[in-house]
Amino acid sequence: MKPKVFFAFFKQLEKDSSTFVYQADFNENITENLLRLSEFNINNIPEISKLNNTVSFLMAECFQNIIHHSDKPKIKNRTNNLPEMFLVRNIENTIYISSTNLIENTKIERIKGQLDIVNKLEKAELKELYLEVLTNESYSEKGGAGLGIIEMARKSGHPITFDFEFVNYFLSLFHLQLKLKSKTSPEEKNPLIFPLSHTKEIHDIMYSDNILLAYKGNFSQETILPILGMIEHNLNQTGNIGKMKKVYYVLVELLQNISKHGKKIKENCEGIIIIGIKGNGYFISAGNIVDNKKVSELQKKLDNLKNRSKESLSELYKHNLLDKKPGLKGGAGLGLIDIFRNSNSEIDYDFFSINDESSFFSLNITL
């Protein structure tokens with residue numbers, strides 16, 4: 001992804017405390033890492049920390065809904081084999097959870113009817129309906145789907161936003177979005193609103209740019225490990241061990257780089273990372289906030305590495321490894337050298353001014 005496009009994507013999510021978007025392989029093994037990532041981010045914000053259990057439940061429900069209730073085209077092509085997407089965003093004191101998946105058009109009327117019903121009911125009425133469906137087991141042809149919708153409405157405490165986007169004669173994209181807000185949170189004078197149309201725009205970007213995963217938020221060991229777990233699972237599906245090791249190694253270096261060298265704001269080291277498919281390989285775009293005073297020095301180091309051949313980079317790596325030469329921030333700078341050594345093509349990087357004190361540093365690698 002080009003630096004300017006990457007920065008534009010970051011700006012779209014700028015007001016978010018954390019954002020996670022996933023459009024890769026959906027299965028049970030991803031759920032645990034997803035919940036670990038969410039748990040850390042929610043516990044990190046006192047105003048919404050009490051929502052943790054509810055958010056975890058609803059995230060798991062949406063994720064399971066994609067796994068068990070998505071439909072696939074019988075004959076797949078680029079225009080009808082549209083990918084599923086899971087998204088969770090924390091904006092101010094509100095959390096949005098969204099899912100997108102294909103469903104057969106013959107199911108739309110039934111699902112729309114269920115959602116229209118639960119959106120009109122009060123809390124006590126939803127509980128009564130839940131018990132009725134649980135007893136009669138007659139709400140859905142797929143067992144849990146009806147109960148799942150009722151539970152989403154009960155737990156979120158807000159109407160469920162949804163839409164069906166026509167794909168072809170047989171299929172449509174089913175967009176669903178939940179909103180949660182802490183009851184103890186003060187009412188903002190001008191609360192930010194995240195409409196369903198924005199989720200659709202993100203789905204379009206993820207699809208058109210072949211993005212598998214995007215995460216924006218605080219980068220610490222607690223967030224790095226779940227992200228690595230999800231990517232490792234997807235890389236294992238490729239069966240290319242050599243490619244898998246290279247991508248995983250560079251990804252670790254980039255995540256560690258953001259965690260160690262990104263500018264801390266209110267004790268958080270904020271950054272963003274995107275991983276996607278490009279040709280027969282992968283691209284990784286990583287970005288973080290840097291102090292304007294460090295931009296010039298970092299630019300010179302990057303220019304120096306960019307102008308070196310693979311052989312020269314290997315020599316520099318060995319030299320710094322033996323001499324333990326100080327790098328960007330007290331370390332040997334070996335990670336950055338290794339990223340340039342492993343890239344299959346020219347690395348793009350750039351700096352974008354945010355204000356008088358900070359800039360956004362973008363580093364984009366193809367593997």
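This briefing describes the fold, surface and selected residues of one protein chain. The structure is a predicted model, in which local features need pLDDT of at least 70, side-chain atom pairs count only at pLDDT 80 or more, and totals for chains, interfaces and linings use all residues. Residues are numbered from 1 along each chain as its sequence is written, and side-chain values use heavy atoms, with hydrogens and water left out. The chain holds 12 helices and 11 strands; these are DSSP runs numbered from the N terminus, with helices being H or I of at least four residues and strands being E of at least two.

**Overall shape**

- Along the principal axes, the C-alpha atoms fill a box of roughly 75 × 50 × 30 Å.
- Among contacts between residues at least 6 apart in sequence, 73% join residues at least 24 apart. A contact means heavy atoms within 4.5 Å.

**Surface and charge**

- Of the 367 residues, 52% count as buried. Buried means under 20% relative accessible area, exposed means over 50%, and partly exposed lies in between, using a 1.4 Å probe and protein chains only.
- The accessible surface of the chain comes to about 18200 Å², and 51% of this belongs to carbon and sulfur atoms. The areas come from the Shrake-Rupley method with a 1.4 Å probe, and for residues only the protein chains shown count as cover.
- The chain has 46 positive and 45 negative charges, and their mean positions are 5 Å apart. Lys and Arg count as positive and Asp and Glu as negative, while His and the chain ends are not counted. Each charge is placed at NZ of Lys, CZ of Arg, CG of Asp or CD of Glu.

**Cysteines**

- A search of the whole structure finds 0 disulfides, a disulfide being a pair of cysteine sulfur atoms within 2.5 Å.
- Cys62 is buried, with a relative accessible area of 0%. Cys269 is also buried, at 1%.

**Residues in helix 1**

- Phe9 is found in helix 1 and is buried, at 3% relative accessibility.
- Leaving aside residues up to four places away in sequence, Phe9 touches Ile205, Ala214, Ile272 and Ile274.
- Lys11 lies in helix 1, which covers residues 3-12. With 38% relative accessibility, Lys11 counts as partly exposed.
- Lys11 and Ile277 are 266 residues apart in sequence, and their C-alpha atoms are 22 Å apart in space.

**A residue in helix 4**

- Ile111 belongs to helix 4 (residues 108-120) and counts as buried at 10% relative accessibility.
- Leaving aside residues up to four places away in sequence, Ile111 touches Ile103, Phe164 and Phe174.
- Ile111 and Tyr22 are 89 residues apart along the chain, with 24 Å between their C-alpha atoms.

**Positive phi in loops**

- Most residues other than glycine have a negative phi.
- Glu92, although not a glycine, has a positive phi of about 55 degrees. Glu92 sits in the loop between strand 2 (85-91) and strand 3 (94-104) and is partly exposed at 31% relative accessibility.
- Asn210 is not a glycine either, and has a positive phi of about 55 degrees. Asn210 sits in the loop between helix 7 (196-208) and strand 6 (211-218) and is partly exposed, with a relative accessible area of 35%.
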